[in-house]
Amino acid sequence: MEHSTELKTAGNQSAEKALRILEYLADQNEPMRLMDIAKETNLNNSTALRFLTTLLSMGYVAQETDTSKYYLTYKLVTLGKRVNEKKPLSKIVSPYLKKISETLQESACLAIDQNSQVVYIDVKEGPRQIVKAMQRIGNIAPMHCTGIGKLLLLNYSETQIDHLIQAQGLSRFTQYTLTTRDALLYELQEVREKGYALDNEECEIGARCIAFPIYDHSRKVIAGISVTGPSIRLTDAFTNKWIPYLRQVSQQISYELGCPIAQSSV
């Protein structure tokens, strides 16, 4: 039994070292020398070479012919594509949305950015509520006045936001809708600092939502999950109570999507 445990531990360590090399090379913008790879992954040269040789033989790493420097091939991209095809975002998130809806007794949504609009790709209706008409699978909503939309706008530079405003405007839906560039930029800074976003009757009077980001492997916000309900139930006390839980769920989903570090803020 002791011998088996030792072998298992050694195997785990070997896998960790190989993955460390892959992750390091993935972060580089150019091919790297053996000695630099060894140094940055805390391996000696001979150990690093042994793992690189294996990765070369498996087709995950290649070498420049003139410099012998190492770089990643696109084989990893192929693996990622296969994973994505077999387990798309909505399939990963769906069980979490169901749990959120059951726990909070409100509607839970998953949405993405498509052509600078919020597109809902999964909705779990709360047991006590009729979901707003726009929060149906396949429906779209504006970016500037939805919780998930604000999270997705964190991917945009100020120049891109200016282009968005020029192309789409900042339509007013209620008296609480943000309709100026300055107000929107200020709100986005607040969202960035808090790590979540609110729709405080900005789309529809009497309806509020709280949204948390979903990150991919590059720490980019690729989607958001939100809880929606009437303002008489989604009070400040309600949202404050459930912020830790929703943050934890969003971090777990992000982890499943390859986000390397669980994050507490955007």
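**Entry 1: two helices crossing**

I started where helix H7 passes helix H8 in a right-handed crossing. A crossing is right-handed if the near helix is turned clockwise from the far one by less than a right angle, and left-handed if anticlockwise. I noted that Glu158, Ile161, Asp162 and Ile165 of H7 make the contact with Arg181, Leu184, Leu185 and Leu188 of H8; contact means heavy atoms within 4.5 Å.

A reminder to myself: this is a predicted model, where local features need pLDDT of at least 70 and side-chain atom pairs count only at pLDDT 80 or more, while totals for chains, interfaces and linings use all residues. Residues are numbered from 1 along each chain as its sequence is written, and side-chain values use heavy atoms, with hydrogens and water left out.

Next I looked up the geometry. H7 (residues 158–168) and H8 (residues 181–194) pack at an angle of about 135 degrees, with their axes 12 Å apart. H7 and H8 are therefore oblique to each other. Angles under 35 degrees count as roughly parallel, over 145 as roughly antiparallel, 65 to 115 as roughly perpendicular and the rest as oblique.

**Entry 2: helix H3**

I moved on to H3, which has 14 residues (45–58) and reaches 20 Å from its first C-alpha to its last, close to the 20 Å expected at 1.5 Å a residue. Which residues of H3 are buried? I found Thr47, Ala48, Phe51, Leu52 and Leu55. They cover an arc of only 130 degrees around the axis, so they sit on the same side of H3. The face turned away from that buried side carries the exposed residues Ser46 and Ser57. For the terms: buried means under 20% relative accessible area, exposed over 50%, and partly exposed in between (1.4 Å probe, protein chains only). Just after H3, I saw that Gly59 takes a positive phi of about 85 degrees.

**Entry 3: positive phi without glycine**

Ser68 has a positive phi of about 65 degrees and lies in the loop between strands E1 (61–63) and E2 (70–72). Arg219 has a positive phi of about 70 degrees, and its loop runs between strands E7 (207–215) and E8 (221–230). Ser68 is partly exposed at 42% relative accessible area, and Arg219 is partly exposed at 41%.

**Entry 4: Ser94**

Leaving out residues up to four places away in sequence, Ser94 touches Asp122 and Lys124.

Methods. Helices (H or I, at least four residues) and strands (E, at least two) are DSSP runs, numbered from the N terminus. The expected span of a helix is 1.5 Å times one less than its number of residues. The arc is that of the directions from the helix axis to the C-beta atoms. Axes are lines fitted to C-alpha atoms, for helices over the stretch in contact, and angles run from 0 to 180 degrees between N-to-C directions.
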